[in-house]
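Let's take a friendly walk through a protein structure, one piece at a time. Have a look at the picture before reading on.

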Amino acid sequence: MSELFPVSVSVNGVAHGASVPARRLLSDFLRHDLRLTGTHVGCEHGVCGACTVLLDGAPVRSCLMFAVQAAGHEITTVEGCGTIEAMGPVQQALTESHGLQCGFCTPGFITTITAYLRENPEPTAEEAREAISGNLCRCTGYQNIVKSVLRAAEIIRGTDAEAGDRQEAPA
Amino acid sequence: MTTRQFGAPVQRREDPRLVTGNGRYLDDLGHTAYEAAFVRSPHAHARIVDIDVTEALDTPGLVGIWTHEDLEGPVGEHLPVLIPHPALIAPRTGRALAKDEVNHVGEAIVFVVAEDRYAAEDAAAKIRVDYEFLPAVVGVEKSRAATELVHDDVPGNVSAHLLQEVGDLDAAMAGAPHRLSLDLSIERSASIPMEGKGVYAKWDSDAEHLTLWSSTQTSTGVRAAVATRLGLPLAKVDCITPDVGGGFGSKIMHPWPEEVLVPWAAMILGHDVKWTEDRREHFISSTHERGQLQQVEVGFDDEGRVLALDVKFWHDNGAYTPYGIIVPIITATQLLGPYKPGTYRVEFWSLYTNTVLVTPYRGAGRPQGVFAMERTMDAIADHLGIDRAEVRSRNFILPEEMPYDHGLMFQDGRPLKYDSGDFPASLAKLKALVGWDDFAAYREEAEKHGRRVGLGIGCYVEGTGVGPYEGAHIVIETSGRVNVATGLTTQGQGHQTAFAQIVADELGVPLESVHVTTGDTRKMAYAVGTFASRAAVMSGNAVALAARNARAKALKIAADALEVSADDLEIEDGVISVTGAPDTRMDIGMTAVLSNPLRYAFDEAAKAATQFAGTFDPDKPPVADDEEPGLEGKDFYSPTQATFANGMHAAVVETDPVTAEIRILRYCVIHDCGTMINPMIVEGQVHGGVAQGVGGALYERMVYDESGQLLNASFMDFLMPYASEVPHVETDHLETPSPLNPLGIKGAGEAGTIPGSAVIASAIEDAEGFPITRMPISPVELWELRQRHERGEIPSLRRAHSTTTE
């Protein structure tokens, strides 16, 4: 078997130590070694964004990184964004706004939107659309994901205004 | 008072699981399973001369390698022709692994199993296959010319030929005051779900039982097909569909080679085996759709009424026809949309090509048919100088003509008979929504600023909810928990919510107490599958019927216990009470307790059902002769025919006068799918459908070169729309309930996609002033059309306004 390399990495605040082959993708490491299967793989070449995780807070495609490259870094996956009992604001917004159908692309949107809203807490509808335009979804037509971004921003800001106030208007 | 759930925009009950990483898709299972990879043909058409696996044998982690000659009995035989049809004169199917010849790039040749996918791919890369090349037949035109054949024994490359005619077309055409001909073309596209296919199999050698998980749209179909191939009794095979990351038609095909080989290997090896399709594999070895060439001749009167419609089309069915000719049959029949031509003749040829096989993709032949019909309507309007919406309305089937029998045979072998719909009302709503009558002023204003805009329209009728049947089984526990099982599968449609809404209403229980399972043959062995926008219609009605049975039993038990008539009882919020005397009551869970006479009191509730509890009639058995223990309800819904949903779309596009870039400014949808179980989910289906329609109109195509290589088999090159390409969709609904089923439901799944190419072509044509006859269309293609138009090679529309501004 191929040579193994030690990897120490923090995932969702939990320290993990493992030995992996150099070629083991970060996505496979998370999914199959740590069994955090919320991170999904949709294209294996960094285009669809389903595998997006946060590396020290910044979105990265985990299918384009080796696990060994993540050594010493802090990773956040969708599992780290909230739980069924205590959903995070983006997860809550997607649920409220029907922002998902099959749910396969959703984890990548959640990590992407989470990072985006940290830097852009008050996006317009147009900016929200732009923010998610690096992730592919085949089910929703994106409209309700845009709505979810706006709703998540509201939840984070702690305002109770209806998401409808900032809904997209047709061009 | 219990809130009625049916018709409410209830938040989805599956979402908390899916948004927190707790979904379980195929590749989330079987972490310790061996994994499979395949050597697939890099050539479109070739004979296999030799397969040399020697170099692969010492690959670390390798478990096994199989070629066709290693396959035993039915495992190596041709895969089934799933849907035979008298017109399918030359069906051909592939095998689990190719024998002697390959017919498309991506066809599986060698099956490799190793300790993980990395090792399996290492081994696969070292396997050498020698080929003798054969000429590749790519594209409808080349197949139709038939100078080369895909299958030596299929003359003309024709798998199927079908002609249907209603009325005396030739006479009507000859007598028509006006005639027009159109040559049309639609290119290939595909479902492309975010999750590819996948199979995971576990063989329990102690129980001699195979459990199979597949990312399929039909678990019952896969179960039966695999049992047959592997020579196992049906009782020894179960198929479970886990969470599925989209299907859109591609996953209704079965059994895939992998669905046969993975369980077969699991049995041989005595070890779990899994295969997860990668993105390139999905492009080159799943299925595609859409590719057709069409010729339309239409005869019409001075008012624009169609007297004779004569359609011929040539359908690209790819290398094999395991799913029969469902797609061209649907094109041929659903082409008619909301219209009633005086006479109709449609003839198609389904043709083999050395490309990925063709099976239904969302819309399933309808987008092509609607494209042909709607291009024709626009052409008639332009020819006569009549408003395009007006021409359509003059050809509409009217509400008072429902049910309307077209005199054709539909995809289910039953008459093409529309059950309901109000097309004039739909059109009126669409015109109001898009501002149809104000568009001329809008255009004039835009033109003043050098902008070029166009308005397009597309109407369709969609046969949904085809049979033969679906069923449901409901079990109510003593806790009041309601378990609902229906056999068809789920790929994001929110069945756990929508079916729970129906059951909650029918039973009178809280939504939270209802738990729905789909696609698990252990829970419901009789089912067909999820396709043809049928799930809500078929399983929706089945769960309603099953719930009514369970309710009747609960009321009967409660009536006996409370010593009242069942007619005097009602159920609200899980409590059965006497109407007008709410203190005489019993939880529905207690009727479940009483339904099952017990010997053992394992908890407080069970105590009430034991033989020394309460009084009983010693002359009667504990379970009456015509009863069964347990509070359950089971039923099946089997309709006489499909129910027909409909809709109308309008789009406003802007085309750049210089670059020919195409931008959708507005996209409006009127949608009628009968009564809606959950309007939020229906709306979501429409949005997603429109995105796929827009993708198919402007971006997505399968680019094959002449040697049969798919040049864009990745997300880098196949332009699936991002949020930046999909317009905001404006929707309005009309609800004309279907008279065919108890709930009045029609299907909604495919609708949004169907008129996409038709409406965008109509809008671009309106902006440009010359006919658009091929879709999809890219800015480059539009720019080239402009050049040809300027050279006089393409005629202007008669109504052409000032579009040559530069």
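Contact here means heavy atoms within 4.5 Å.

A quick word on the ground rules. This is a predicted model, where local features need pLDDT of at least 70 and side-chain atom pairs count only at pLDDT 80 or more, while totals for chains, interfaces and linings use all residues. Residues are numbered from 1 along each chain as its sequence is written, chains are lettered from A and ligands numbered from 1 in the order in which they are written, and side-chain values use heavy atoms, with hydrogens and water left out.

**The cores**

Which residues have the most contacts inside the largest nonpolar core? They are L309(B), Y418(B), Y667(B) and I760(B), in a core of 88 residues. Strand β27 (residues 662–672) of chain B gives the most to this core, with seven residues. Apart from it there's another core, of 58 residues, which includes L100(A), Y116(A), A125(A) and L710(B). A nonpolar core, by the way, is a set of buried Ala, Val, Leu, Ile, Met, Phe, Trp, Tyr and Cys residues joined through side-chain atoms within 4.5 Å. Buried means under 20% relative accessible area, exposed over 50%, and partly exposed in between (1.4 Å probe, protein chains only).

N646(B) sits in strand β26 (residues 643–655) of chain B. Helices (H or I, at least four residues) and strands (E, at least two) are DSSP runs, numbered from the N terminus. Is N646(B) buried or exposed? Its relative accessible area is 1%, so N646(B) is buried. Setting aside neighbours within four places in sequence, N646(B) is in contact with G421(B), F423(B), S426(B), Y460(B), V461(B), I670(B), H671(B) and D672(B).

Over in chain A, N120(A) is in the loop between α3 (106–119) and α4 (125–131). With a relative accessible area of 30%, N120(A) counts as partly exposed.

| Pair | Apart in sequence | Apart in space |
|---|---|---|
| N646(B) and L734(B) | 88 residues | 9.5 Å |
| N120(A) and C139(A) | 19 residues | 26 Å |

**A helix pair**

Two packed helices are described by the angle between their axes and the distance between the axes. Helix α2 (residues 89–96) of chain A packs against helix α5 (residues 143–157) of chain A at an angle of about 130°, with the axes 8 Å apart. Axes are lines fitted to C-alpha atoms, for helices over the stretch in contact, and angles run from 0 to 180 degrees between N-to-C directions. So α2(A) and α5(A) are oblique to each other; angles under 35 degrees count as roughly parallel, over 145 as roughly antiparallel, 65 to 115 as roughly perpendicular and the rest as oblique.

On the α2(A) side, P89(A), V90(A), Q92(A), A93(A), L94(A) and E96(A) meet I145(A), S148(A), R151(A), A152(A), I155(A) and I156(A) of α5(A).

H254(B) and P255(B) are joined by a cis peptide bond, with omega about -15°. P255(B) is in the loop between β11 (237–240) and α6 (257–269) of chain B. F248(B) is also found in the loop between β11 and α6 of chain B, and its phi is near 60°, a positive value in a residue other than glycine.
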